[in-house]
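Subject: Structure handed over, with notes

Dear colleague,

I am passing on to you the structure that I have been reading through. Please open it first, and then go through the notes below with it beside you.

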Amino acid sequence: MVTAAPVKVSETDVVVIGGGPAGSTASTLIAQKGYKVRLFEREKFPRFHIGESLIPETYWVLERLNMLPKMKASKFVHKHSVQFVSANGKLSAPFYFYDNKPHECSQTWQVVRSEFDLMMLNNAREHGVNAHEGARVLDVIMEGEKATGVKVQLEDGTVEQVNAKVVVDASGQTGMLMNRLKLRTWDPLLNKGAIWTYWEGAYRDTGRDEGATVVIQTENKQGWFWYIPLHDNRISLGVVAPFDYLFKGRGTHEETYNEEVEKCTVVKQRIAGAKRVTGYFATRDYSYRCSRVAGDGWVLVGDAFGFLDPLYSSGVLLALKSGEMAADAITDGLAKNDVSEAQLGNWGEKLNRGIDRMRRLVCEYYEGFSFGNFVRNFPHLRGRVTDLLIGDLFEDKVDEVWDPMETLYNETKVAPRMWNSGTDPEIAANKVNELFIPEGAKP
Ligand SMILES: Cc1cc2nc3c(=O)[nH]c(=O)nc-3n(C[C@H](O)[C@H](O)[C@H](O)COP(=O)(O)OP(=O)(O)OC[C@H]3O[C@@H](n4cnc5c(N)ncnc54)[C@H](O)[C@@H]3O)c2cc1C
């Protein structure tokens, strides 16, 4: 895979591949402890990325990163709640995060990712990370099972070999090590696609609801729209549905999107009179996870470890949390000269349990779960279900919701299968996540 001989060989403590939220988080927290970190990002920032809605539990990682003053001073819209609209247009009462947890962490943000990711990367630099843009990692160097560094093509075209005690793969859905070591397990249930665009002058709520994410079920109940208010009077509006439904035997992305909007009165009313300001973006977003979070000398964080359907906006939280957990394991390991899989991956089980909880709530929604109905039947569990929505995923208390949820199942319904319960190899072989970015303006 290596295209040219390295012209320079250097040493560092930790190399991070990718400058998205997971890479910035891990690198900042490792540099905070005084270790030498080099981060390589193949793009020049600011660059477009999807994933605009944050959830409140990101607060605690942002606090450790010293990002809170920057977030507070930014133009990002304040988000206090999430609201669900059912296929027949019925609105659930908003789930206000503050009512559940009266703390400033309950106000989060709707971010434009090109701006947020640049802030995070510059913040990493301020903490001592040596971050390179336009620098593509070509290969991870392995000695047997152990990662010992990377070969990277720098912006000027030269290739450098960087030896490191630990390599952190934060390359997002590119998944450098996931692909090389064949670690990916496709989720058997979550096979979705998305089409989205950006609008100016669409309907905006006011006051406490100004920044709410609204999740609007499609009329056939197979999918949902995200309605995310951004700054500068913009709205991000996308439709998510089963991949085959959205992309097989349909027209262009524009035609399919417009057909779905046409069928959804709530969405149609919200964008009546608004102006579309970008082309149509599309993605296949099959959910997946890796069978391991780490090996000797290497660690996976963010989407390079796993991707979960975006229904509850958990992607950036999971990128931040895995970046944080990995950084702690790495700095503890470096301090005692232990970069074994057991040390570097000692947080994997905790992360997986948290993702399992969010995944279960996602699967329940696609199988007909109604937040409104649940809260009507179990008003005392409103807080617990809100805990899940804010991303408080790593404590057993949230498991209180599953048994009551099952009592609302109809006779034929069973609990969703686990993410690693198996996918037909022929189906798995044909899966690939792709992103289509249109020409022209991008947020
Ligand atoms: C349709 C959709 C909607 C979503 N909505 C939300 C949402 O509302 N809220 C939310 O929290 N999440 C959302 N997500 C998820 C979110 O986008 C991701 O989970 C998040 O961006 C993961 O961050 P990351 O740092 O792991 O990866 P990324 O942000 O993808 O960063 C990876 C970086 O690695 C770089 N890279 C890749 N290969 C190399 C290489 N070889 N060398 C150097 N650099 C490399 C890339 O250029 C990239 O900048 C959504 C996802 C989808 C598909």
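This is a predicted model: local features need pLDDT of at least 70, side-chain atom pairs count only at pLDDT 80 or more; totals for chains, interfaces and linings use all residues.

Residues are numbered from 1 along each chain as its sequence is written.

The protein chain is divided into domain 1 (8-79 + 106-185 + 289-352), domain 2 (187-286 + 426-436) and domain 3 (367-422), with bounds that come from an automatic or database domain assignment. The centres of domain 1 and domain 2, taken over C-alpha atoms, are separated by 28 Å. Between these two domains, 16 residues of domain 1 are in contact with 16 residues of domain 2, where contact requires that the C-beta atoms, placed from the backbone, lie within 7 Å. On the side of domain 1 that touches domain 2, strand β3 (residues 77-79) gives the most, with 3 residues; helices (H or I, at least four residues) and strands (E, at least two) are DSSP runs, numbered from the N terminus.

Because 11 of its 12 residues are buried, α1 is largely enclosed by the rest of the structure. Here a residue is buried if 20 or more other C-beta atoms, placed from the backbone, lie within 10 Å of its own, exposed if 12 or fewer, and partly exposed in between. What covers these buried residues includes β1 (8-17), α5 (113-126) and α10 (315-335).

Helix α1 also belongs, with β8 (136-143), β16 (281-290) and α10, to the elements that each supply at least two residues of the shell around the ligand. In total 35 residues surround the ligand, and the closest are G20, G51, G172, G302 and G315; a residue is near when its C-beta atom, placed from the backbone, lies within 6 Å. The most is given by α10, with 4 residues.

The largest nonpolar core has 128 residues, and those with the most contacts inside it are V168, V299 and V301; such a core is a set of buried Ala, Val, Leu, Ile, Met, Phe, Trp, Tyr and Cys residues joined through C-beta atoms within 7 Å. Its largest share, 11 residues, comes from α10.

With kind regards
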